[in-house]
Amino acid sequence: MQHNVATVQRLIDTSHAAMMLWNQLGFEARAEILQGWAQQLPLKSAAMVKFQCANALKYIAKQTLMPGPTGESNTLYCGGRGVFIVTAQEGITEEAIVGQLTAALVCGNSVLVCLADTQYAERIVAQLEHVEILTNVITVVSDSTLDALVQHPSTAGVAYCGDVQGAQQLARQLAQREGLLAQLVVELDGITLPIIGSQRYCLRFITERTRTINITAVGGNATLLELGSGDIG
């Protein structure tokens, strides 16, 4: 048990450290890397990568300037939530898994991917490493650590594609854990993909933050304040 706890904590810490750097790259840079990954994929999966990247760039990449009443500037922007677990029921299509991964990654999250077919998961990691994704942004984890990772208070969310029973189990695990509330992103239809295939699917993987720069402080020194859920730097 102690070994398992140490293993889980190490996975979370390493993934979170990678997420901090990955999130700082910005949407455009992340989308460019992921679109390079798309060139290694079958046609439908490649189209899914491009679809998720295009939606992220359209709906959440833009920063919004909101001038304040006392002269400060307030910038509303979006970033990753943290460490996401991506998992799916056995037999789920490659297109669905690719959609989950792309949405989580393009939004600035790091990913711990747990699939029944570990060889396929490892092939995905190798493909992304080939297009020079940052080290440890995506990591393959085993079934034996999945429950502990889901229940870890630092996990930001879980993306799951599968049946109702699997979704309910994950929901119960997340509800019973301590720490911040985690996002559960569920796709129950692995064929038509109404959730993963929606244009605003990416909104489930981000947090909104506000950056305030006050240039009216005493002495004219600028002060910086950032507000938002999660710790993304």
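Mentor: Contact means heavy atoms within 4.5 Å. This is a predicted model, in which local features need pLDDT of at least 70, side-chain atom pairs count only at pLDDT 80 or more, and totals for chains, interfaces and linings use all residues. Residues are numbered from 1 along each chain as its sequence is written, and side-chain values use heavy atoms, with hydrogens and water left out.

Trainee: Which residues does valine 186 touch, not counting those up to four places away in sequence?

Mentor: Valine 186 touches Tyr160, Ala167 and Ile195. The C-alpha atoms of valine 186 and tyrosine 160 are separated by 5.0 Å, although the two are 26 residues apart along the chain.

Trainee: Where is valine 186 placed?

Mentor: Valine 186 lies in strand β7; strands (E, at least two residues) and helices (H or I, at least four) are DSSP runs, numbered from the N terminus.

Trainee: How does β7 pair with β6?

Mentor: Strand β7 (residues 183-187) and β6 are parallel, with 5 bridges; two strands pair if DSSP finds at least two bridges between them. Alanine 159 stands opposite valine 185 in β7.

Trainee: Turning to β6, how many of its residues are buried?

Mentor: In strand β6 (residues 155-161), 7 of 7 residues are buried, where buried means under 20% relative accessible area, exposed over 50% and partly exposed in between (1.4 Å probe, protein chains only). Valine 186 is partly exposed, at 21%.

Trainee: Which strand do 6 bridges join to β6?

Mentor: That is strand β3 (residues 83-88), which runs parallel to β6. Threonine 87 has tyrosine 160 as its bridge partner in β6.
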